[in-house]
Amino acid sequence: MRKTFGTGSVWEQKLGYSRAVQVDNTLYISATSASGENGIVGSDFYEQTRFILQKLETVLADAGFSLADVVQSKLYLTDISKWEDAGRAHGEVFGEIRPTLSLVHVLPFLDPEMLVEIELVAQKSAS
């Protein structure tokens, strides 16, 4: 079974991607930024990471998953020296769940106000 989930973003159609794709009991979520209705939310790595994780919790729920189902998390940071700030926000959400984690240093994103993007993989146990 393959099912796609979108947010209605013009970029999804323009670039030909889905916010998330479910294949059987696994959900793959595209890298997500701190973009909100009025632009980028948060001016630092901690705030943006918290906001993104809240957005991703909604994506997970819309697909019938939860934060507890997350098995892999990738944080893309424009300044790797700020890894502790992003990591603190990540730890507040995933401290007990403990998915795998990658911290990746990247060049600036399309919008220079974007400091962080997060990509998740979630899996439900087969039952």
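## Overall size

With 127 residues, a compact globule would have a radius of gyration near 14 Å, and the chain agrees because its own value is 14 Å. That radius is taken over C-alpha atoms, and the globule rule is 2.2 Å times the number of residues to the power 0.38. Along the principal axes, the C-alpha trace spans about 40 × 35 × 20 Å.

This is a predicted model, where local features need pLDDT of at least 70 and side-chain atom pairs count only at pLDDT 80 or more, while totals for chains, interfaces and linings use all residues. Residues are numbered from 1 along each chain as its sequence is written, and side-chain values use heavy atoms, leaving out hydrogens and water.

## Helices and strands

You will find three helices and eight strands in the chain. Both are DSSP runs numbered from the N terminus: helices are H or I with at least four residues, strands are E with at least two. Starting at the N terminus, the order is β-α-β-β-β-β-α-β-α-β-β.

Of the 127 residues, 35% are buried (under 20% relative accessible area; exposed is over 50%, partly exposed in between; 1.4 Å probe, protein chains only). The chain exposes about 7500 Å², with 50% of that supplied by carbon and sulfur atoms; areas come from the Shrake-Rupley method with a 1.4 Å probe, and for residues only the protein chains shown count as cover.

## A closer look at Ile80

Ile80 sits in the loop between β6 (70–77) and α3 (83–94). Its relative accessibility is 32%, so Ile80 counts as partly exposed.
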